[in-house]
Amino acid sequence: MSIGSTPLKFRVTIDPERCMNCGRCVENCSYGVFRKEGDSIRINSRNCAACHRCIAFCPRDAIEIEEQPGDYRSHPVWTREVREAIFNQARTGRIILSGMGNAKPYPIIFDQLVLDACQVTNPSIDPLREPMELRTYLGKKPASLSLRPLPDGEVELRTKLTPNLQIETPIMIGHMSYGAISLNAQTALAKAVSRIGTFMGTGEGGLHESLYPYQDHMIVQVASGRFGVDINYLERGAAIEIKIGQGAKPGIGGHLPGDKVCTDISCTRMIPEGSDAISPAPHHDIYSIEDLKQLVRSLKEATEWKKPVFVKIAAVHNSAAIAAGIARSGADAVVVDGFRGGSGATPRVFRDHVGIPVEAAVASVDAKLRDQGIRNEVSIIASGGIRESADVAKIICLGADAVYIGTSALVAMGCRVCGTCYKGTCAWGIATQKPELVQRLDPETNAVQVENLIHGWTLELAELMGAAGINSIESLRGNRDRLRGYMLDEGLLEVLDVKTVGA
Amino acid sequence: MCGIIGVIDRRRQLMDGTKIKEALASMNERGSGEGAGYVAYGIYPEYKEYYALHVFFDHIREHKVPLEDLLEKWGTIVHDEQIKTCEQPNLRKVHTPWRYFFRPDPTLMPKSTTPEEDIITHLVMKVNSERNGALIFSSGKNLGVFKAAGWPEDVANFYRIQDYKGYLWLAHNRYPTNTAGWWGGAHPFNLLDWSVVHNGEITSYGTNRRYIESFGYKCTMYTDTEVVAYLVDLLVRKHGLSEKIAVRAFAPPFWEDIDRMPAKEQELNRAIRLTYGSAMMNGPFAICIANENTLVGFTDRIKLRPLVVGESGDRLFISSEEAAIRRVDKDVGNIFMPKAGEPVIGRLYA
């Protein structure tokens, strides 16, 4: 007891004037904050994760959650977070776990980039009146075309195109495995992507049988643990993604605790029930770029060269050179996952301190690939911290072909970004495998919400393009002229190859 | 705004510049007196074997020798002279235009399959990006660009455009927006055999520039039009596509139209869009491009800039305005307005 109790993170209060003792808060809280004692509801604020499930379900708006009601003596260096981390580790001697993406207050580059619009010298294009093309093809494109003129004046195409994924909006949903999120959550996402005409990733958790109807909109993942991978799985996916790294935890593997490995998950992942699912840090058959090339070719060979193969890396300092290596490996797309990318569970020290923002990574990857004349070899998919349609437009201007969203899609299903996913007791039924919590998430309702979100972003993207006098997304891609940096330093402007506002 | 006109005589009958000047000046409503220019094909028959390099010098004494040293490194200057000019009261002569007839030495670029063109391209890119008081603004054989900052009639009189006789002309009346009316920014833009005039603003310039620069071209003129010249050079000369297919890449059909095409055609058009997505041009434009035997005109995919075509015997006219065409030939027939994105191509008779 030498450390003792620390100040509350949250204080939960119930306004007795408003409360009608209905007990919904007690039912809904999965963290054990509320309990009924006779006619009153008792509160243990210390358990609160601020997931807002109670607030959302209180019919009388009686509940209030106050953040940091009491604090430590203020200190600019020894912040609350720093002190609590030390207390935590002094008690446990362990690595501190965390959820979601980077939580350090680093400046957000997206918020210091502004988009362009037409005035007078060229007309903006009204998407309500004119066609606006957001269709995107992901995969390898030829560097040039070989055409043979025919006697009738037409031409014959002699270049053979390799398989590409066709998406009607450049927004896809990233890889969140069954295990990291619930099957109901995955089902909701799957319904949404198949209605929109886009794709989602399975994550490294295999593909549950109930999702087979949506398999044409699934990108199956092959990660270092190879969970759920067999020929059946590979053949079901529309594309295959090799996961090398993840923005939330570059350089390390993953760990799904055994208590989450229920019967269903054990079948889908093809591991014994109750056993820890440990994905090693590196793939044990990839110790260099030429090994990656072999895996890319093996996966293509296994699926008869019918499917594009993507490679996902965490955005790190040397991403550009790594992406150039991947472009030469035969892969069809490189996924660059920035350091704001989320995770169900990741060591806090990695989440907050390793990797770089996706904006800078995509800018340098695109520049390097163009510099080497291999930009058509791979598509660039950006992920990690895409929060709104403007972020999508900006990252496409910086050179991305499409984006993966993760956290945004979860928020559309009710997630409040409380960052407690690693506890496995998500009250929203998203990051949990507890049946009573999972059943709270209705796949159909949530599919509509996710669909609405992507649809709304797509409409906004079309409006942004039209305002910029562009009617096809190809002309936005890599169009850094249509971006300006606002209060970005010279070094970053150079990396982004963007001029400052006013210039 | 900007006004453009192009004409090709398919029997190679020569036309002097008088009428083109009048036609261009008739579109002064579309200009601002800050830039005009002409290009004529077939004007140097006695030197037609050699690349005619037109250069703007800032100062003859300072900048001419370094340029000539560079040219001599890569080939032979067969002949050079100052381009004849005639001072105009409304045109300030800020550069001295010079012409060189130049023969590159193909052995100096042994790895290339088109060494002469590659040497010329290299020289143009190098000189124009270094900005060392010299700017090569015309580099084809048997053709020449004449341009400056001023009204069309003043620029024409300055260069004595009526003294040149060509079978193919392009001309441009500029209303500058993106960049100031400097001489290098006036149209036509030229590289090797290709010349371009353009009315509009290419909103995909950033994308096009990043694309074309990855093939070693350098955009140096501060204006969107030059990418068109380089893109044409890349797609037609280097990749061997026809002008028609190149225009298809620049202003492709919409996906909803492609989706309705027969399978073969669909496959071809999809391949063009996938391969050359970064070469696609967006925003409002009407463009005329020319080479020694072809005149091509096309607009953006939703036709946000005007383009009119007329025919008169062997001559094909393409212009922003019918009135301008009628200034050259008042009896012109078969006037029509091409559909958005569809090229109009005039070729010399074989």
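Modeller: Helices (H or I, at least four residues) and strands (E, at least two) are DSSP runs, numbered from the N terminus. This is a predicted model: local features need pLDDT of at least 70, side-chain atom pairs count only at pLDDT 80 or more, and totals for chains, interfaces and linings use all residues. Residues are numbered from 1 along each chain as its sequence is written, while chains are lettered from A and ligands numbered from 1 in the order written.

Colleague: Which strands stand at the edges of the open sheet in chain B?

Modeller: Five strands of chain B, in the order S11-S12-S13-S14-S18, form this antiparallel sheet, where pairing takes at least two DSSP bridges. An edge strand has a single partner, so one side is left without a neighbour; in chain B this applies to S11 (189-191) and S18 (344-347).

Colleague: What is the bridge partner of B:Ala286 in S14(B)?

Modeller: S13 (residues 285-291) and S14 (residues 294-299) of chain B run antiparallel, joined by six bridges. Within S14(B), B:Ala286 is bridged to B:Thr299.

Colleague: At what angle to S12(B) does H6 of chain B run?

Modeller: H6 (residues 225-238) lies across S11, S12 (194-200) and S13 of chain B, with contact meaning C-beta atoms, placed from the backbone, within 7 Å. Angles run from 0 to 180 degrees between N-to-C directions of axes fitted to C-alpha atoms, for helices over the stretch in contact. For H6(B) against S12(B) the angle is about 140°.

Colleague: How far apart are the axes of H6(B) and H7(B)?

Modeller: B:Leu231, B:Val232, B:Leu235 and B:Val236 in H6(B) meet B:Glu243, B:Ala246, B:Ala249 and B:Phe250 in H7(B). The helices pack at about 130°, with an axis separation of 9 Å.

Note on methods
Two residues are in contact if their C-beta atoms, placed from the backbone, lie within 7 Å.
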